[in-house]
Amino acid sequence: MNIYRSVRAVTNASGTGIVDWGAVAEAAKASTPPGELTLSDAERNGYKIDVQDARERLQTVGEVEFDLPDTIEIQNRHHWIDANIETFERVMHPIEEKGGGVFPGVARVANTGTMAFMLSFLGKNVLGQYDPLLLAEADDADHGLYFVHPNIRRVADSLDVDYPRFRRWIAFHEVSHAAEFGAAPWLSTYLEQRMEEGVEALSEGSLDRKAFRELDTAMTSVEGYAELLMDRAFDDDYEDLRRKLDARRRGGGPMAVLVRRLLGLGLKRRQYERGAEFFHAVADARGVATASKVWEHPDNLPTDDELDAPERWVRRVA
């Protein structure tokens, strides 16, 4: 880790945009140890088996058909940063098109530093990721499934849990997202449209509350349904893993707590909880197959009010 090189990359940010993405990548990786990625044959095969088993179990439990992404990667932290630079750049593009403000050079350095800090923090903490490649220009862009091996190994050790079981749990969670996007071919477009509307409004100095509300409701469904499938499909009860991981996320020093709040990670946890309560209520009342109807059509997504009153959604959709 080279903090000096990271700071130098940020302060030397250049170009015409409000973010120097090359400098973001250099600064984020300079301040983030890549981590060990030497895998034994057994470990590499373990990831493969975990993903395959997750697909088979989730298809059976959810009664949904889906394919795994062609791109399944076991990454170190630098690999993950590189993969996500493009995502952040795509999301920021509408804002960048509006220009850099009154002091473009100053804004560029500040924005570059902010993005580098965010990617570095996430790169050190993300365990796995299903990437639907939202806003990708190519219509045939394949989705991706990533496992950040150094983080999975480090967190399993720090929580004092069985590493193969923890790795398998992460695989089931990420493949559950592949199940959702595979069962709902329209979902990527739906999310992209709301993201574009929301970001476009921000770039013009306004706030599209409707777009962000619909995006939040959809993501609550995505996270909640994944929790339901995990609960019904994983090999055994994993409350011990969830409890220890939640305690770890709530811990850390003041800076870690502040960063999590700034990145909205607390909001994501609320999405898990609220969405899981909704889908568990539906599944308990009418079965997992009824809960899976949410992916048949965009109109089947629960409204914000229905998330807190699942019986109303059941009456409307089931």
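## Report on a predicted protein chain

Of the 318 residues in the protein chain, 49% count as buried, where buried means under 20% relative accessible area, exposed over 50% and partly exposed in between, with a 1.4 Å probe and protein chains only. This is a predicted model, in which local features need pLDDT of at least 70 and side-chain atom pairs count only at pLDDT 80 or more, while totals for chains, interfaces and linings use all residues. Residues are numbered from 1 along each chain as its sequence is written, and side-chain values use heavy atoms, with hydrogens and water left out.

The protein chain contains 15 helices and 3 strands; helices (H or I, at least four residues) and strands (E, at least two) are DSSP runs, numbered from the N terminus. Among contacts between residues at least 6 apart in sequence, 78% join residues at least 24 apart, a contact being heavy atoms within 4.5 Å.

Strand S2 covers residues 128-131. In a regular strand the side chains alternate between the two faces of the sheet. From S2, Gly 128 and Tyr 130 point one way, Gln 129 and Asp 131 point the other way, and all are buried. S2 runs antiparallel to strand S3 (residues 144-148), and 4 bridges join them; two strands pair if DSSP finds at least two bridges between them. Gln 129 has Tyr 146 of S3 as its bridge partner.

The structure holds 12 aromatic pairs. Rings of Phe, Tyr and Trp (its six-membered ring) pair if their centres lie within 6.5 Å; planes under 30 degrees apart count as stacked, over 60 as edge-to-face and the rest as tilted. Two of these pairs are tabulated here.

| Pair | Centre to centre | Angle between planes | Class |
|---|---|---|---|
| Tyr 47 and Phe 147 | 5.5 Å | 45° | tilted |
| Phe 234 and Tyr 238 | 5.9 Å | 85° | edge-to-face |

Tyr 47 lies in helix H3 (residues 41-62) and Phe 147 in strand S3, so their pair ties together parts that are 100 residues apart in sequence. Tyr 47 is buried at a relative accessible area of 4%, and Phe 147 is buried at 1%. Phe 234 and Tyr 238 are buried as well.

One aromatic cluster is formed by Trp 186, Tyr 190, Tyr 225, Phe 278, Phe 279, Trp 295 and Trp 313. Over the ring of Tyr 190 sits the charged end of Arg 194, 3.7 Å from the ring centre. A charge sits over a ring if NZ of Lys or CZ of Arg is within 6 Å of the ring centre and within 35 degrees of the ring normal. Arg 242 likewise lies over the face of Tyr 272, at 5.7 Å from the ring centre.
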